[in-house]
Amino acid sequence: MRTVLQVLIIGIQNGAILSLVGLGLALVYKATRILNFAQGEMATVPAFAAYLVMTGFVVAGDPVVSKGRLWLATIVAIVFGALLGILVNMLVIRRLTAVSPVTSLVATAAVFLFFTSIEVNRFEAKLRRFPRYVEGGFRIPGVNITVEWHTIVVLVVLGGAAALLALFFQTPPGVALLATAQEPFAAELQGVPVARMRSMAWGAAGVLAAIAGLLGAGKFNNLQPALVTTTFLIPAFTGAVLGGLTSMVGAVAGGLILGVTVAAANQINTSFSLGIPGAPQLATFLVLLLVLVFRPSGLFGQEA
Amino acid sequence: MISLLVALLLVAVACGQKPGVHVASSNGGVLAGQSSNTDTGSADVGASTDAGSATASGGATSSGGTSSGGTTTGGSKSGATKSGTSGGTSAASGPVKPTGHDRTGVSTDKITLALHAPVTGAAPLPVTAFEKERDLFWRYLTEVKHEKVLGRSQVEVQFQDDKYQPGTAVQACRELGASSFLVVGGGGTDQIQACGRYAESAHIPYLSAGVTETGLTGLQWYYSLSMSYKQQGKLLAQYVAKNFAGKKVAAVITDTPNFDDAVAGWEAGVKAAGLNYYKTLRHPKSDTSWYNTFANELQSNKVDVVYILTAPVDYIRFAQQANGQGFKPQFVGVGISMGLNAVLGSGCPNVDGGIFFSPFPGLDWAKANLPDYFAAAQHAGISDPDDLGVALWGLAQSQYEMFKRYGATYGNDLTREDFRKLVETQANLHTGVFPDQSYTPSSHFGSNQVHVLKADCSVKQYKTLATFATGF
């Protein structure tokens with residue numbers, strides 16, 4: 001029982017950030033039908049913006065990171081993230097509305113590469129210290145593991161964001177956004193400002209990404225170029241598919257389920273010295289396969 | 001009379017100068033422009049080494065039990081015994097005529113060398129150090145000391161980032177090898193192994209600090225400049241037994257085939273040293289889900305000492321997550337990049353006290369023992385010389401020692417084939433930075449010494465505990 005609880009706690013700690021990144025992926029997909037592989041860098045770039053605020057725009061060497069400016073840096077990062085999302089839509093995505101989904105996907109990958117190269121050029125390919133909002137944690141009696149306060153912060157943010165978004169899509173603007181994604185021409189005929197709706201969706205995705213970047217960097221107390229893409233994006237995407245790319249709740253659940261699955265695989269492989277190479281990845285794809293065979297749209301996925 | 005003179009002239013022209021005369025003259029001539037890639041080195045492909053043999057450094061045993069050099073500092077060296085290799089240090093009389101034809105990267109006035117290393121990817125190495133310091137040694141030699149290298153006044157060092165990926169590393173080595181005399185692998189086991197095998201197929205001399213022996217044993221064009229991980233594993237077990245007697249020990253190692261020999265060497269060392277051993281945990285490469293699980297597993301089983309062999313980023317994250325769980329083991333290990341101060345910049349305070357073997361001493365030792373390095377840095381306008389620069393300096397010194405031996409044997413006519421043939425007969429290549437190297441035709445793993453570094457987070461630098469150690 002203790003081991004099960006440990007696996008659950010570790011899994012949720014790992015899966016929480018995945019859910020946050022997956023939520024952004026699901027939002028973009030639900031609103032625009034685009035798989036956004038730039039979501040990771042839309043998270044990392046605002047995190048670097050926050051880093052600059054906290055170091056007083058000092059980049060060289062090992063600058064002192066002022067945790068006192070963390071909240072100011074957070075506001076800057078969120079605003080920056082929203083603007084970044086809108087910019088990506090205006091400069092890249094909007095120009096590709098008539099192309100195939102694969103082309104749009106490749107375009108977002110190009111955006112990821114572009115941002116990564118800027119990060120490496122400006123900040124070098126090295127780890128930089130990044131603070132958490134709340135340090136430390138607490139122990140659950142009888143379970144030999146610490147629950148980090150940082151994880152609680154992520155879960156609270158995650159729950160709030162998922163609930164808000166789920167409610168939003170029940171409101172008239174939310175329905176209009178869905179209509180824009182499904183039938184943009186018909187939506188426009190109904191008076192829906194399609195371009196503005198898409199910008200709103202990308203702006204919201206940018207906000208979510210910025211928050212994911214701040215919390216993702218805080219998880220390891222380190223920020224580096226392409227952090228969110230290389231560390232969280234692919235598992236987050238897998239989790240979002242598992243939960244359902246068109247469901248906000250599904251994206252959250254998928255990330256958490258994935259985190260627990262991977263933790264369980266690691267625990268079993270380690271405790272029993274099975275020596276199975278790539279056990280976490282194997283478990284992930286087995287679960288994904290099982291879910292998609294019986295629920296091709298994911299656990300909670302459905303059309304509007 | 002005139003007819004006779006003309007006839008004599010015609011005869012002289014027809015006969016011409018005998019081939020090689022200009023080379024056989026004192027210090028040889030430089031055959032400019034002859035940079036063909038003809039394949040002539042294969043004649044020397046001989047017996048393969050024992051797979052996984054622990055004897056290296058030209059036949060000397062890799063660890064001599066207790067050794068006076070085990071805990072000393074300040075540049076003392078021991079244990080680099082002279083093996084019964086042939087060739088010694090120089091030819092008996094006058095230069096020998098080179099028989100090779102491949103002079104890639106060699107011109108009348110310049111030798112071009114190359115270096116690849118993981119700058120982006122899983123190893124947080126600052127790119128500026130490679131950019132600024134990759135050729136510092138050579139510039140100091142030629143511009144400040146006004147020395148020539150095999151008659152050339154310029155040595156250029158090209159560099160490419162291999163992105164910590166074997167495929168990218170091979171591509172980098174291919175591009176670098178097309179215009180450089182030799183290629184050096186700066187770090188990253190999989191990348192070095194991949195490049196080493198490519199260099200073998202392309203007949204390019206390839207040097208690196210010691211990493212895996214898998215896939216590199218028996219290669220004729222590869223030279224290891226320090227002990228392999230497998231060799232160091234046994235030494236590390238001795239160190240742990242001596243300094244952490246009675247403690248429970250475990251290992252966390254990336255699950256890649258190129259670390260299998262390191263695991264084997266370590267576990268053999270554990271057995272020989274009689275350590276209280278829990279187990280070896282292997283984690284998938286490029287996976288970030290294992291930190292808490294492994295930390296919890298080790299903590300639950302009361303492990304005190306952890307041998308960690310992973311990418312530096314994984315080490316930093318694992319230490320951070322373990323600390324968050326209240327698990328603060330003594331980290332020990334081997335590995336080229338783990339002992340760099342850059343790791344402490346972002347890893348502290350979680351990696352404080354970590355002890356690692358390294359092919360190069362720390363910056364603190366260099367300040368006391370390597371004045372030329374700091375003079376060179378000052379001359380080059382480098383305000384913050386670092387330990388990565390010391391490593392690059394040591395790598396260059398090793399190459400310089402090889403070139404000096406080459407010059408004493410063959411003169412200035414530098415060919416890849418002859419360089420390769422010569423190095424594998426050399427003993428006691430001493431640089432005073434990297435461990436002493438001795439090679440034989442059957443073993444290109446040329447060292448039996450390590451430096452020992454300990455992380456000091458109060459100054460975010462590794463302190464040098466021991467240099468040129470052969471046992472503990």
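This is a predicted model: local features need pLDDT of at least 70, side-chain atom pairs count only at pLDDT 80 or more; totals for chains, interfaces and linings use all residues.
Reader: Which peptide bond is cis?

Author: Read omega. The bond from Cys348(B) to Pro349(B) is cis, with omega near 5°. Pro349(B) lies in the loop between helix 11 and strand 10 (355-358) of chain B.

Reader: Which way do the residues of strand 3 of chain B point?

Author: Follow the side chains along the strand. In strand 3 (residues 182-185) of chain B, Leu182(B) and Val184(B) point one way. Val183(B) and Gly185(B) point the other way. All four are buried.

Reader: Which strands does strand 3 of chain B pair with?

Author: Count bridges and check direction. Strand 1 (residues 110-117) of chain B is joined to strand 3 by four bridges, and the two run parallel. Here Leu113(B) stands opposite Leu182(B). Strand 4 (residues 206-208) of chain B is joined to strand 3 by three bridges, also parallel. On that side, Gly185(B) stands opposite Ser208(B).

Reader: What is the hand of the crossover from strand 3 to strand 4 of chain B?

Author: Trace the path over the helix. The chain leaves strand 3, passes through helix 6 (residues 189-202) and reaches strand 4 of chain B. This β-α-β crossover is right-handed.

Reader: How many residues are in the largest nonpolar core?

Author: The largest nonpolar core has 133 residues. Val183(B), Leu236(B) and Val306(B) have the most contacts inside it. Helix 14 (residues 387-410) of chain B gives the largest share, 11 residues. The core draws at least three residues from each of domain 1 and domain 2 of chain B.

Reader: What is Leu236(B) in contact with?

Author: Set aside neighbours within four places in sequence. Among the contacts that remain are Trp266(B), Tyr307(B) and Phe357(B). A second, separate core of 92 residues includes Ala26(A) and Met200(A).

Reader: What are the domains of chain B, and how many residues does their contact take?

Author: Start from the assignment. Domain 1 is 50-68 + 79-229 + 366-448, and domain 2 is 230-362 + 454-469. Their contact takes 35 residues from domain 1 and 36 residues from domain 2. On the domain 1 side, helix 6 and helix 14 of chain B each give two or more residues. Helix 14 has the largest share, five residues. That side divides into 18 nonpolar, 13 polar and four charged residues.

Reader: How many residues of chain B are in contact with chain A?

Author: Count each side separately. Here 32 residues of chain B are in contact with 34 residues of chain A. Helix 9 (291-300) of chain B is one of the contributing elements. Helix 9 gives the most to the chain B side, with seven residues. The chain B side divides into 11 nonpolar, 15 polar and six charged residues.

Key
Residues are numbered from 1 along each chain as its sequence is written. Chains are lettered from A and ligands numbered from 1 in the order in which they are written. A residue is buried if 20 or more other C-beta atoms lie within 10 Å of its own, exposed if 12 or fewer, and partly exposed in between; C-beta atoms are placed from the backbone. Two strands pair if DSSP finds at least two bridges between them. A crossover is right-handed if, with the strands pointing away from the viewer, the path from the first strand over the helix to the second runs clockwise. Two residues are in contact if their C-beta atoms, placed from the backbone, lie within 7 Å. Ala, Val, Leu, Ile, Met, Phe, Trp, Tyr, Cys and Pro count as nonpolar, Asp, Glu, Lys and Arg as charged, and the others, Gly among them, as polar. A nonpolar core is a set of buried Ala, Val, Leu, Ile, Met, Phe, Trp, Tyr and Cys residues joined through C-beta atoms within 7 Å. Domain bounds come from an automatic or database domain assignment.
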